[in-house]
2 protein chains.
Amino acid sequence: MTKKPADPANGGAPAARQVPMRDFSRSLPMSLLRAREAVMRQFRPSLREHGLTEQQWRILRALASIEAVEVTELARTAFLLGPSLSRILRDLEARNLIERKTAKADQRRSMVSISKEGVKLMASVAPTSEAIYAEITRRFGTRKLAELQEMLGELERSLAGLGASEEASPEE
Amino acid sequence: MTKKPADPANGGAPAARQVPMRDFSRSLPMSLLRAREAVMRQFRPSLREHGLTEQQWRILRALASIEAVEVTELARTAFLLGPSLSRILRDLEARNLIERKTAKADQRRSMVSISKEGVKLMASVAPTSEAIYAEITRRFGTRKLAELQEMLGELERSLAGLGASEEASPEE
DNA sequence: CGGAGATACTTAACATGTTAAGTGAATACG
DNA sequence: CGTATTCACTTAACATGTTAAGTATCTCCG
């Protein structure tokens with residue numbers, strides 16, 4: 001744990017204050033952020049051409065394989081927070097890419113589904129998107145890609161329920 | 001049983017429209033996003049207590065190991081876009097956590113450095129931050145963590161210069 | 001010298017992330 | 001029954017992501 005001021009690419013500057021800390025650029029959050037950005041950079045231009053943001057695309061994709069879902073369930077599937085989803089659904093609805101109707105049994109719930117237009121838009125984007133994904137897979141390697149995904153899943157699972165104020169913490 | 005349409009794996013719904021596509025939740029971008037979120041979720045509460053956002057913390061960390069940097073260089077180090085950095089620096093400067101002065105040789109450039117107060121703040125956050133990182137490492141495994149970082153780096157490198165309009169494309 | 005073009009940032013505008021508060025509709029329960 | 005609680009969203013407010021413009025300097029070159 002005693003790490004000296006490594007000072008990697010910092011020539012002769014009298015760097016490093018007291019606090020040591022791991023080399024910033026090698027932290028796990030940064031690695032994940034950079035990797036994700038490298039991947040998304042490939043997709044954004046194509047989505048943009050179709051007038052879609054990354055999140056809007058996530059929602060359409062999540063909707064494509066089901067009849068209809070509640071907003072909360074969709075938030076979990078598309079990995080978006082409620083407020084973000086609320087705004088995006090409002091916009092997608094205005095563009096007639098999705099449809100909404102309140103559930104009969106429970107007036108609080110609103111069932112969301114993709115519209116005909118939405119399906120058409122997806123069909124026009126999917127080919128390019130799949131081609132990009134294929135190229136990424138080819139470059140990185142199918143085997144390694146699978147391994148990476150497995151590790152990411154493990155990481156996620158190993159951190160599940162760590163900081164979520166475990167129902168038993170008397171603190172705060 | 002508060003949940004009626006459980007159906008997690010979409011049991012009997014007449015799912016799937018024409019466009020097939022990979023299972024959405026298993027796409028690489030989603031895996032990366034979820035993994036990163038699982039990690040950041042651990043850090044955010046602590047940073048928040050100190051009045052720092054994730055990005056502000058990235059900037060302070062990047063500044064901690066050097067005397068001063070130009071804004072552009074800092075943007076690369078902290079992996080932030082210029083506009084975001086511009087705004088954040090304005091705020092951090094107002095809070096006296098950083099200092100800025102224009103370079104003598106080139107009036108366009110502005111050299112940024114962390115202030116005494118900034119160093120103090122870092123010192124108060126670092127312990128908790130390091131403890132969290134240690135716990136994550138313990139849970140996931142030191143060995144696996146290193147492997148994961150290596151793979152993430154490879155992924156990044158394998159995609160370097162793929163969609164960046166390669167100086168040679170006559171298109172557009 | 002002087003203006004065209006490149007640089008280093010900053011502003012602007014729009015979309016999402018993130019947390020907190022607000023609203024209307026179910027539910028629990030006394 | 002009636003109301004306190006819980007639920008499912010939606011709004012609000014502030015910070016960042018992302019792309020496009022704008023501004024002040026610098027550099028290059030005729």
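**Figure 1. Helix α6 of chain A, seen along its length and down its axis.** In this predicted model, α6(A) is built from 18 residues. From its first C-alpha to its last, the helix reaches 26 Å, close to the 26 Å expected at 1.5 Å a residue. Which residues of α6(A) are buried? They are A:Leu148, A:Leu152 and A:Leu155. Looking down the axis of α6(A), you will find these buried residues within an arc of 60°, so they line one face of the helix. Now turn to the face of α6(A) that points away from the buried side: here sit the exposed residues A:Thr142, A:Arg143, A:Ala146, A:Glu150 and A:Arg157. What do the buried residues of α6(A) pack against? Their partners belong to chain B, namely α1 (28–49), α5 (116–140) and α6 (142–159) of that chain.

**Figure 2. Where chain A meets chain B.** Here 58 residues of chain A are in contact with 57 residues of chain B. On the chain A side, the elements that give two or more residues are α1, α2 (54–64), α5 (116–140) and α6 (142–159). Which of these gives the most? It is α1(A), with 15 residues. Sorted by class, the residues on this side of chain A are 35 nonpolar, 11 polar and 12 charged.

Figure 3. Is A:Phe24 buried, partly exposed or exposed? A residue counts as buried with 20 or more other C-beta atoms within 10 Å of its own, and as exposed with 12 or fewer. A:Phe24 has 18 such atoms within 10 Å, so this residue is partly exposed. Setting aside its neighbours within four places in sequence, A:Phe24 is in contact with B:Arg61 and B:Ala62.

Figure 4. Three strands of chain A form an open sheet in the order β1-β3-β2, with antiparallel pairing. The edge strands are β1 (69–70) and β2 (98–102), each of which pairs on one side only. Five bridges join β2(A) to β3(A), which covers residues 110–114. Which residue of β3(A) stands opposite A:Glu99? Find A:Ser113, and you have the answer.

**Figure 5. Strand pairing in chain B.** Strand β3 of chain B (residues 110–114) pairs with β1(B), residues 69–70, in the antiparallel sense over two bridges. For B:Val69, the bridge partner in β3(B) is B:Val112. Strand β2 of chain B (residues 98–102) also pairs with β3(B) in the antiparallel sense, over five bridges. Here B:Glu99 has B:Ser113 as its bridge partner in β3(B).

**Figure 6. The protein surface around DNA strand C.** At least two residues each are supplied by α2 and α4 of chain A, together with α3 (71–78) and α4 of chain B. Which element provides the largest share of this surface? That is α4(A), with five residues. The surface near DNA strand C has seven nonpolar, nine polar and eight charged residues.

**Figure 7. The protein surface around DNA strand D.** DNA strand D is surrounded by 24 residues, and the closest are A:Val71, A:Pro83, B:Pro83, B:Ser84 and B:Gln107. Elements giving two or more residues to this surface are α3 (71–78) and α4 (82–94) of chain A, along with α2 (54–64) and α4 (82–94) of chain B. The largest share, five residues, comes from α4(B). By class, the surface near DNA strand D has seven nonpolar, nine polar and eight charged residues.

**Figure 8. Chain A as a whole.** To place the close-ups, step back and trace the chain from its start. Chain A has six helices and three strands, and along the sequence they follow the pattern α-α-β-α-α-β-β-α-α. Of the 172 residues in chain A, 26% are buried. Among contacts in chain A between residues at least 6 apart in sequence, 47% join residues at least 24 apart.

Technical notes:
Residues are numbered from 1 along each chain as its sequence is written. Chains are lettered from A and ligands numbered from 1 in the order in which they are written. This is a predicted model: local features need pLDDT of at least 70, side-chain atom pairs count only at pLDDT 80 or more; totals for chains, interfaces and linings use all residues. Two strands pair if DSSP finds at least two bridges between them. Helices (H or I, at least four residues) and strands (E, at least two) are DSSP runs, numbered from the N terminus. Two residues are in contact if their C-beta atoms, placed from the backbone, lie within 7 Å. Ala, Val, Leu, Ile, Met, Phe, Trp, Tyr, Cys and Pro count as nonpolar, Asp, Glu, Lys and Arg as charged, and the others, Gly among them, as polar. A residue is near a molecule or strand if its C-beta atom, placed from the backbone, lies within 6 Å of it. The expected span of a helix is 1.5 Å times one less than its number of residues. The arc is that of the directions from the helix axis to the C-beta atoms.
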